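Please read the points below alongside the sequence and the structure.

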Amino acid sequence: MRSKRAMSLVLAFGLTVLLCACSTKGENKPGGDQTEDTGGKAITCLFYSDVWADYLYEVNDAFTKETGIKVNMEYYPFDQFFELVEVKLGSGSSDYDVIHVDVPMVAAYTQREYLLSMDDAYTSAEKEMFIDSSLTAGTWDGRLMAPPMETSSQVLYYNKTLLDEAGVSYPSPALEDRLTYEELYELAAQVQAAVDPDGSKAVSGFMFEQVNRPYQILCMPNGLGAPSIGDDGLTVRGILDSPAWVEAMTVYQQAFSDGISLRGITADEVLSNFSSGKVAFMIGGSWVIDVLKEAGIENFGYAPHPCFEGHEPATPTGSWHYGIPAKAKNVDAATQYIRYMTIGAGHDMLMENFPALPATTHQLDRLINEPASDDFTTEVMRLQAYEALNTGVSRPVTPGYTEYENIVGTAMEDISNGADVRETLESAVDQIETAFKKYR
């Protein structure tokens with residue numbers, strides 16, 4: 001035990017030295033100073049990425065003026081963020097009062113005793129302010145552990161230039177005209193055949209932006225009514241190898257075997273391929289909008305996420321939540337901040353300015369009820385707000401999400417490359433069952 005603790009201290013020191021040059025720190029604006037006297041009351045927050053920084057500093061200022069609590073921010077890049085969380089919280093550090101929690105990690109962090117429960121910080125009525133998928137994903141063992149900061153959803157984007165060249169009509173953005181996967185595949189094949197008949201241009205007819213990643217692909221079995229995991233957060237046998245999963249993954253594989261989804265393109269490459277005219281149809285999130293604006297927003301359109309014929313639609317959802325580390329020094333102040341940022345004035349201020357989907361019903365209703373316009377961003381956000389509120393299905397709530405994601409993601413990649421669907425899913429079940437033994 002002593003040697004493990006010594007190793008944790010070495011890792012913590014080494015990672016701290018490494019990240020000092022990589023983090024963005026600030027009290028008000030990133031790197032700025034907050035001169036207002038707060039009587040020494042302060043909290044320190046650990047967040048992934050500084051993408052929120054320009055929006056948060058105004059919200060944090062407002063929180064400080066209202067409560068007298070200063071907010072110190074630290075931002076880290078994606079990979080370094082997760083490493084730091086493991087080292088700091090795993091060693092019982094009290095350096096942070098609030099941390100970003102990537103929603104699939106809620107159960108795992110709870111199981112490892114990294115987080116304090118926030119269940120008593122919200123009344124039943126206040127919990128009902130969150131959409132079901134976010135409340136479910138932030139809860140483990142019957143307790144709300146990590147209230148949501150925001151959520152996400154997806155739409156079907158398409159390249160107007162490619163569809164025009166192929167003489168294919170634009171799909172309707174109306175919910176009642178939602179395409180089935182079969183219809184989408186047919187349109188994708190038509191465009192591909194017209195604009196790249198010999199394959200020399202390497203144009204994909206259709207791609208998931210996050211190809212082979214469970215976040216986006218789980219919507220296919222979910223769209224046939226199949227869960228991603230058992231209610232206990234640990235059961236996968238009889239689920240991942242069920243007829244519905246086999247059918248869904250067979251349809252997923254069909255896109256690659258038919259050649260409308262090209263193999264050899266990674267999830268990191270799909271969006272740039274789409275924006276540069278190499279993909280006709282792509283399922284993607286709200287973050288796609290900024291990329292398309294740079295590429296020329298007039299060249300792109302949108303439609304609802306596809307579904308299976310005769311089944312209710314299911315769409316990916318979930319994003320970042322807030323948590324209080326188990327050894328936080330300023331729990332009361334941290335609780336005040338998180339409430340302010342999830343159901344209080346800070347949440348409304350952030351969500352009305354930051355281009356992300358809120359996880360509260362009243363803010364989603366605001367987006368849905370925006371006056372009709374020709375503005376691309378407004379209309380895409382309206383559609384995604386509807387999906388988040390009505391069709392969103394959260395990722396598996398399980399302490400073993402990291403193992404689940406790695407194994408299922410590998411299975412999806414193998415299936416896309418032509419592996420036998422049933423055998424691949426059965427193998428994934430065996431692997432997950434073995435990996436989950438430590439959680440039982």
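Helices (H or I, at least four residues) and strands (E, at least two) are runs assigned by DSSP and numbered from the N terminus. With that convention, Ser49 is placed in the loop between β2 (42-48) and α2 (53-67). The model is a predicted one.

**Backbone angles**

- Most residues other than glycine have a negative phi.
- Ser49, which is not a glycine, has a positive phi of about 65°.
- Ser49 has a relative accessible area of 15% and is therefore buried, since buried means under 20%.
- Ala202 also has a positive phi, near 55°, and is a residue other than glycine.
- The position of Ala202 is the loop between α8 and β8, and with 40% relative accessibility Ala202 counts as partly exposed.

**Strands and their pairing**

- Strand β7 (residues 155-159) pairs with β10 in the antiparallel sense, over 4 bridges.
- Within this pairing, Tyr158 has Gly301 of β10 as its bridge partner.
- Strand β10 (residues 300-303) directs Phe300 and Tyr302 one way and Gly301 and Ala303 the other way. All four of these residues are buried.
- Strand β8 (residues 204-208) is mostly covered, with 5 of its 5 residues buried.
- Strand β8 pairs in the parallel sense with strand β9 (residues 279-284), over 4 bridges.
- Opposite Phe208 stands Ile283 in β9.

**Salt bridges**

- Asp95 is partly exposed because its relative accessible area is 39%, whereas Lys88, at 12%, is buried.
- Arg178 forms a salt bridge with Glu387, with the closest N and O atoms 2.8 Å apart.
- Arg178 lies in the loop between α7 (160-166) and α8, and Glu387 lies in helix α17 (residues 376-390), so this pair ties together parts that are 209 residues apart in sequence.
- Arg178 and Glu387 are both buried.
- Glu433 and Arg440 form a salt bridge in which the closest N and O atoms are 3.3 Å apart.
- Arg440 counts as exposed because its relative accessibility is 52%, and exposed means over 50%.

**Surface charge**

- A patch of negative charge on the surface is formed by Glu182, Glu183, Glu186 and Glu309.
- Glu182, one of the patch residues, is located in helix α8 (residues 181-195).
- Glu182 has a relative accessibility of 58% and so counts as exposed.

**A contact between segments apart in sequence**

- Leu262 and Gly205 are separated by 57 residues in sequence and by 8.3 Å in space, C-alpha to C-alpha.
- Leu262 is located in the loop between α11 (243-257) and α12 (267-275).
- Leu262 counts as partly exposed because its relative accessibility is 22%.

Notes
Residues numbered from 1 in each chain as written. Predicted model: local features only at pLDDT ≥ 70, side-chain atom pairs only at ≥ 80, totals over all residues. Heavy atoms only, no water. Patch = residues over 30% accessible without salt bridge, like charges linked within 9 Å, V, L, I, M, F, W, Y side chains within 5 Å. Areas by Shrake-Rupley, 256 points an atom, 1.4 Å probe, with all protein chains shown as cover. Salt bridge = Lys/Arg side-chain N within 4 Å of Asp/Glu carboxyl O. Lys, Arg positive; Asp, Glu negative; His and termini not counted. Charge placed at Lys NZ, Arg CZ, Asp CG, Glu CD. Buried < 20%, exposed > 50% of the residue type's maximum accessible area, 1.4 Å probe, protein only. Pairing = 2+ DSSP bridges.
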